[in-house]
Amino acid sequence: MATAAAHPAPGSADGGMSAEAYEAAFEAAVAADERIEPRDWMPDAYRASLVRQIAQHAHSEIIGMQPEANWITRAPSLRRKAILMAKVQDEAGHGLYLYGAAETLGTSRDELLDKLHSGRQKYSSIFNYPTLTWADVGAIGWLVDGAAITNQVPLCRCSYGPYARAMVRVCKEESFHQRQGYELLLALSRGTAAQHEMAQDAVNRWWWPSLMMFGPPDNESAHSAQSMAWKIKRFSNDELRQRFVDICVPQAESLGLTLPDPDLRWNEESGHWDFGVIDWTEFQEVLKGNGPCNAQRITQRRTAHENGSWVREAAEAYARKHHSTPTAAGAETRKATV
Amino acid sequence: MATEATAAGDTAVVDAPVADVAVEGIPHDTAALERDTARYALALGDDALILCQRLSGWVTRAPSIEEDLALSNIALDLLGHARTLLSYSAELTGGGDEDSLAFTRTERQFRNVLLAEIPNGDYAVTIARQLCLAHHTRLLYTALAGSADPVLAAFVTKAVQESAYHCTHAEQWAVRLGTGTEESHRRMQAGLDRVWPYIAELFAADEVTARLVAAGVAVDPASLRADWDAAVGAVLTRAGLTLPKPNWHSQGGRQGLHTEGFGPLIAELQAVHRQYPGGTW
């Protein structure tokens, strides 16, 4: 929690500081690893950068429900069906926390959803790949959630308080999902030959896209330097990607599955796993909207929103008829809580 | 819990050939009682499983993220009910488990009421179907708390609370849609008209149920009708909706006679399980 006196909002009782003084107080708070809170002064660029990142994160949770929901009706056992349904629900919940965190920066969920639907804001490129078999549900849990956790654990110490706190809750559930994905793949890997083959095929298809989740290489990452200076990010894309590879290699081995990279080998000197070259052209194409499912994912989201508009309108009309105006309702609430 | 046997009367339907049929009027021996109870648990489990499968279709397609969550929450509760009931059914017959029952039966062997399997339609159809089924389940589970079968009685103590939540959710939406806008009112009425032909079946007893009612194990479905009419009727009044008067009434779900949309539903449910014979998951 940043001390309010260190960087008060302009217009507050002890305000009257110069713009430079606000800036300096903000820089000092970040340097001291204090948390920036919604009512604190912050540079416009810091605010904009956070809105972009948190919104993209929230959108990823919401769009990310689709590839997995694709298998809910076909899950091969009732236990697995229950696990998958609970997981997709958790993702909707994460989306809601994150939209809430973004709203503390002065935007609204409606505005953010509108930007998602019109393509003005992005979501993680990984969700533009199709889920073609049941094993993909396991590969997503193990690899995609694994990559997400590697990215998100450092965000629990991000300089912006509401985002950091959302990440603590999100990471707890994500690591549970990742273990479930691993366990799903393990069951398949140790199952019949056909099940083992399905698991290997899924890992082959999801491995490289998962490595792309860490973003472009450090020397080509547009936002990295500034994000690290602001302590929104704590580690570089390449550092996190390396950490992920180092974790996954032994896990793949215990799964009895291979990773689709002939250049993967242990480097005695660096103490890390060396790996092959990522196809950055594919990454750029997917980011630009030219991946296998980009159009499908946004169309499904937009269709749900449009088909639901009469339901939301009915709920609003009902609320208007049954409650007093928002101002009056606010007054009642305040009166009740005094 | 209905303690008196009520004659199945004109709702009794000839059973499907796959069923075990004991002769009515002859007291249950233990084996016959277990067979009947297994069949009863199977039917109730199928209601929950098939409605869960339908509701799952809303995930990522609901009108708001909150509703996406609410519907999948309800579906997950129902899946929990299905798993308990199917497992118990398998245990009583001494063969198979929840998965063999869910994934290896044919369409003709499922025992759910037809209302549970009709397609989602728009949000109003789904809410109308939820309103009718949730109230039915709530009343049924409440009455089953007095069942002579300890497993069924224990199961409903938790499940009835979940059903009550499902009722509240459906009621709130029925009223919002019924009194919201002209468009939502029209759609909610159309939703009710769509589901109403399937209501009578909820209150029709088959032979198995009739025998179990006599044994104090099952609830006579007909005994739930008055409370259901009162509860659902009150919602329709609040929502400004008209009670539909359909000319046609469904039957046959409990005997494995389903709608044409049921085959594709089951094909989707069972696809992966059947593609990998001998697999453990």
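Axes are lines fitted to C-alpha atoms, for helices over the stretch in contact, and angles run from 0 to 180 degrees between N-to-C directions. Helices are DSSP runs (H or I, at least four residues), numbered from the N terminus. This is a predicted model, in which local features need pLDDT of at least 70, side-chain atom pairs count only at pLDDT 80 or more, and totals for chains, interfaces and linings use all residues. Residues are numbered from 1 along each chain as its sequence is written, chains are lettered from A in the order in which they are written, and side-chain values use heavy atoms, without hydrogens and water.

In chain A, the axes of α6(A) and α10(A) lie 10 Å apart, at an angle of about 145°. Residues in contact (heavy atoms within 4.5 Å) include Trp142(A) and Leu143(A) of α6(A), and Phe244(A) and Leu255(A) of α10(A). This contact divides into eight nonpolar, four polar and one charged residue; Ala, Val, Leu, Ile, Met, Phe, Trp, Tyr, Cys and Pro count as nonpolar, Asp, Glu, Lys and Arg as charged, and the others, Gly among them, as polar.

α6 and α10 of chain A, among other helices, each supply at least two residues to the lining of the largest pocket. That lining has 18 nonpolar, 18 polar and 11 charged residues.

Between the chains, the contact takes 45 residues from chain A and 47 residues from chain B. Together they bury about 3900 Å², 68% of it on carbon and sulfur atoms; buried area is the accessible area (1.4 Å probe) that two parts lose on being put together, summed over both. Leu78(A), Gln89(A) and Trp310(A) lose the most area in chain A, together 20% of what that side buries.
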